[in-house]
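Here is a short briefing to read alongside the model. Please have a look at the fold first, and then we can walk through it together.

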Amino acid sequence: MHRPLTVDELKTKHGGALEQVRELLKDDLAKEENAIYDDDIWILRFMMNPKYGPEKCAERYKKMIRLREENKLNAIRDK
């Protein structure tokens with residue numbers, strides 16, 4: 001049985017792609033209301049799908065932020 005990778009190991013494994021995704025998301029993550037999502041762990045969750053390159057990860061990440069706003073999930077989190 002394999003042990004799960006640590007966050008540091010994931011960052012090493014996906015480092016270059018992680019930076020590409022961050023670059024694609026820089027305008028979205030710069031917004032104050034999205035500061036909570038400016039975290040490598042949040043981004044790495046989307047990179048775990050081997051079918052997703054940096055562009056697809058960024059697209060899915062933006063969709064997640066939009067859906068959270070539309071469904072007022074951030075308000076629930078803030079309570």
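**A histidine and its neighbours**

Leaving aside residues up to four places away in sequence, His14 touches Leu44, Met47 and Met48, where a contact means heavy atoms within 4.5 Å. His14 sits in helix α1 (residues 7-29). Its relative accessible area is 15%, so His14 is buried (under 20%; exposed is over 50% and partly exposed in between, with a 1.4 Å probe and protein chains only).

**About the model**
- This is a predicted model, in which local features need pLDDT of at least 70, side-chain atom pairs count only at pLDDT 80 or more, and totals for chains, interfaces and linings use all residues.
- Residues are numbered from 1 along each chain as its sequence is written, and side-chain values use heavy atoms, without hydrogens and water.

**Confidence**
- The average pLDDT (the predictor's confidence in each residue, from 0 to 100) is 86, and 96% of the residues score at least 70.
- Helix α3 (residues 54-70) has the highest mean, 91, while helix α4 (residues 73-78) has the lowest, 73.

**Fold**
- The protein has four helices and zero strands, taken as DSSP runs (helices H or I, at least four residues; strands E, at least two) and numbered from the N terminus.
- The C-alpha trace spans about 40 × 25 × 20 Å along its principal axes.
- Of the contacts between residues at least 6 apart in sequence, 57% join residues at least 24 apart.

**Burial**
- Of the 79 residues in the protein, 28% are buried.
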